[in-house]
Structures are given as structure tokens and as C-alpha cells.
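Let's take a friendly walk through how two parts of one chain meet, and then look at a few local details. Please keep the 3D view open as you read.

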Amino acid sequence: MLKIYNTLARDKQEFVSIEPNVVRMYVCGMTVYDYCHLGHARVMVVFDMVYRWFKASGYDITYVRNITDIDDKIIRRAAENNESIHSLTQKFVDAMHADADALGVTRPDHEPRATQYVPEMLEMIAKLEANGLAYLAADGDVNYAVRKFEGYGKLSGKSLEDLRAGERVEVTEGKNDPLDFVLWKHARDDEAEEVKWDSKWGRGRPGWHIECSAMGSKLLGEHFDIHGGGADLQFPHHENEIAQSEGAHQCSYVNYWMHNGFVRVDNEKMSKSLGNFFTIREVLKQYDAEVVRFFILRAHYRSPLNYSDAHLDDAKKALDRLYTALKSGSASDERVVDWNEAYAVRFKAAMDDDFNTAEAIAVLFELANDVNRSQSENAAAQLKALGAVLGLLERDPLVFLQGAGSDDAQIVGKIAARNAAKLAKNYAEADRIRKALLADGIVLEDSAAGTNWRRV
RNA sequence: GGUGCGUUAGCAAAUCGGUUAUGCCCCGGAUUGCAAAUCCGGUUAGCCCAGUUCGACUCUGGGACGCACCUCCA
């Protein structure tokens, strides 16, 4: 039985889908005005893992991850670059896809873009207005009247009184209450035509929060199972989504809210505003993408994850151990898990406990130890199959261990020379060659079957 | 100021009221021409102070420290 930590309940709860065997999941994706950093990688990898686990558990899951392709930052960046909004966003959507693909992230079933759902958003705003929850302000914006929605704050655990105490809420003239948020922004003269849509409230563009409410209900229905995203979206974004969706549809919006923890640098949240971020492509120049994926999944998704080269190096070595176990056995390419087998039972129990990949991966290491000891092909096949559930261990072990390099032929040549020296009992020469290779980061491993090599 | 989360061995990171987490590092042994890999064994824990309990890293209370949200952020 699967349990999920539900932010709404602040507790782990047994997962019961709305429709038997069917899961509908929405995850807040990227605002595409720059390259994705490791924080974005974590959301993508974590919810990809969730998606895969539901599938492995026999659910029919529909996964939606949106793309925000219209907002203040995009408009500003496009203006700076002197290019159109569309050309800017398309470029970064493509880059995001390339990064996600590299990390082994499955494409969601739908990737709706905000600009493609403006009519749905307008329809929703109209409903909110009809329900007395939205109003046209003097400045031309349409705002949400937060105090008219009972239960505002139930996700983030904030009361309207607490929020006021913060005194950090932007005061805008048009708002009836400083906590109200904008649903529709009136058009400004200095903005490009590309960012203006017609509406009954005048020309303008959508506020940030409304897109997720509109696209979620359009693609998954007014009430669906899971909504995810980074912990920083809990408030105000997800709180506002609830207010919009429940306010418009007059029914429950989402049953389980999942939030992943931050990636940190020097114990601080990695974020664009702090400028302490590493882009995915930057990191992938130095580390294998699977190492990065492994690094992310080795921690529980809700825990903070500190990023540093030392941690990535550690992850690389750990993953080496798993691949090394596979190398010796000739594990078949069949990746069918035997779920009755003892390690798989423990793996499943870990995953069913709020997607505890840290524990699941620990089981993988114990299984690897078993493979090394028993040299059992079945055990190796099981290790490979369980790894694949997490999107790991799917490559040829030798390809992974040897890594990418252009001097492979040279290495093979030197190994041949060393083997010749060994045959001639010229061990001094054999050791000299090995040491020379080691200096280049190449480790040789002799075995009855011949000499293997790998990069460290 | 309000709210929430966290503090586990050298590093990373889980579980659990009593039984080896796991990975990397380190030490010893087996193995090897020498190595590497592997196997066997070992060292190193639970921020502090109270309480509950036969027994607490695990539960309760208090404190310290750290992080996050309350503003765009995954």
C-alpha cells in the first residue's frame, strides 16, 4: 500500500486514487527564460521517479507538467535580448528538453504552455467573478478577493493575520486588500503586442497563478489526485491555485500535494535570485548524467540536498559499485522484476513509503553484494531490473565504467603491450604501463577472461 | 515578527522504542606476479537538558543551532 506525505495534511497518508487504478498528476514546471539549474533537475527527476513508480505499481497515470511561457521575467529578458517572446521561450523549451532527456527524465504526457490556454484562463476568471471572488480594480487589473475564499491558507498553514504581520506583501493601489493577487494584468503601452490578449476586462495578460488552475482542470479535470512542485511553490502559488480552482469549480481541487526539497549550495537554497546556481548543462560537462540522477535519488525527495563536487564524486563512486556488480555477471537484457523475491519486496516497501528512494537504493547495494558473492545471473538481472524502475543501471556496464574519451584505442594498445610484457614475465615493464595509465585515470583489472579497464 | 522543517558516525544519508542501515573514506585479512575489483572482519553515530519507559537515536517537554516560506523562485 502506497503512502504519500501530503502537505495538506502535514502527514503521510495512504494513497487512494479518485478513480480506481487511475492517477492524474500535475507538476509545476519551468518558467522558460533561462537554462534549467540543478534545482529544476531535482523536480524533474523526482516526479519522473514518482511517475515511473506509479506505472511500475500498475496504475494508469496521466502526468502533466506545464511550461510557463509568459510572465514578467520573460518579457524583460526578451526585451533585453531584443527578441520575440516566442523565440526566447522556444529556445529554452528546447534546452529544457535536452537537459531532461540527458537525465533520463521521461516526457510527461502533456506539457501545456500558458500562452496556449488563455481562453480557458479567461473562462475561469469569469467564473470567479460570477462567484463573487474576483473583481475588476480601478487600475484595470482583475484581482482575486482572498478574504472571500473560506479556507485560504489551508495548504501553507498561514492565516491571513500571519500574512499581514509579515508586511512583505506588495501594496498595489488597485487591490481591495493587500493580500489579493492578480488574475489578469491590464496591458501596458510599453509591452509588445505579442503579450496582449483581448478580454472582457480589456487587453492584458494572465497573472501567474491562473495558468496552472486552468490547464490542470482542462487536462486532468476539476478534481484530480496529485499536484507537485518545489517547496517554494507552496505559498503563494499553490495556495492561490486552490483558491482559484475551488472558488471557480466549487469542488475539491487536489487530494495529495507533494513538495520536493531544495538543492543547496553551502547550506543555502540554490536559486536564481541568489545567483548560486549551477545549470544542468554546466554540471553535465563534468559529470555523467546518470551520476547526477543517482545523486538526486540517493536522498529522500523531501530532504534538502547539498550540492558540491565532493558529493558528486562520492555518488560516482557509489554508482561504480553497482555497475561493477553488473559487469561480472552477464545479466540478460530482460528487465522484468521478480516482485516476489526478497530484495524486491524490500525495495517495494521502501518506495511505497513515500517514495523512499534512499532506502530503495540501499537495498540495491545489498543486492549488489549478493550478486558479487553468488555470481548469480538471476540476482544480477534482478538488480538491473530494479535499477531500471528508478531509471538507473540501464546502460552497458562497461560503457558506463569506461566513460567517454577519445583515446580508447590508445588504451587498448597499451593494455596489449602490457599483456605481452606479462607473458614475457617482464613485470617491471607491465607495472610501468599500468602506472602510466593510472596517472591518466585509467585503472586496469586483470581477470581470467582478460584485462578490463575503467576510468576513475 | 509569524509559520514550518531539520540537527545521525570523517563525509553523505535512511530506518527503527530493544536486533549489522547503506555508500564513500580509513584499518586488518583472503585473493593477486604486483595491482584493481571482489569477499570476510573491524573502527567511527545520533546537538544539549529534563521526562516517559524494564529499555530512547527513535516518544514528550524545554533549549541551542541551521534552513526555508511569509516577495519572483523548482
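Asp48 and Arg293 form a salt bridge, their closest N and O atoms being 2.8 Å apart; the term stands for a side-chain nitrogen of Lys or Arg within 4 Å of a carboxyl oxygen of Asp or Glu. Between domain 1 and domain 2 the count is one salt bridge. Asp48 also forms a salt bridge with Arg52. Asp48 and Arg52 both lie in helix α1, four residues apart, about one turn of the helix. Helices (H or I, at least four residues) and strands (E, at least two) are DSSP runs numbered from the N terminus. Here are the two pairs side by side:

| Salt bridge | Closest N and O atoms |
|---|---|
| Asp48 and Arg293 | 2.8 Å |
| Asp48 and Arg52 | 2.9 Å |

Across the whole structure, a search finds 36 salt bridges.

A word on the ground rules. This is a predicted model, in which local features need pLDDT of at least 70 and side-chain atom pairs count only at pLDDT 80 or more, while totals for chains, interfaces and linings use all residues. Residues are numbered from 1 along each chain as its sequence is written, chains are lettered from A and ligands numbered from 1 in the order in which they are written, and side-chain values use heavy atoms, with hydrogens and water left out.

Now for the domains themselves. Chain A is divided into domain 1 (18-260) and domain 2 (289-402), with bounds that come from an automatic or database domain assignment. Their C-alpha centres lie 35 Å apart. In all, 19 residues of domain 1 are in contact with 25 residues of domain 2, contact meaning heavy atoms within 4.5 Å.

About 1800 Å² is buried between the two domains, and carbon and sulfur atoms give 72% of that area. Buried area is the accessible area (1.4 Å probe) that two parts lose on being put together, summed over both. Arg42, Met49 and Trp53 supply 42% of the area that domain 1 buries against domain 2, more than any other three residues.

There are also seven residue pairs in polar contact between the domains (both at pLDDT 80 or more). A polar contact is a pair of N or O atoms within 3.5 Å; within protein, one must be able to donate a hydrogen and the other to accept it, and residues adjacent in sequence count only if both atoms are side-chain atoms. On the side of domain 1 that touches domain 2, α1 (38-56) and β10 (254-260) each supply at least two residues. Helix α1 gives the most to that side, with twelve residues.

The peptide bond from Phe235 to Pro236 is cis, with omega near 5°, and Pro236 is found in helix α7 (residues 234-249). Asn21, in the loop between β2 (11-14) and β3, has a positive phi of about 65° although it is not a glycine. Most residues other than glycine have a negative phi, and most peptide bonds are trans.
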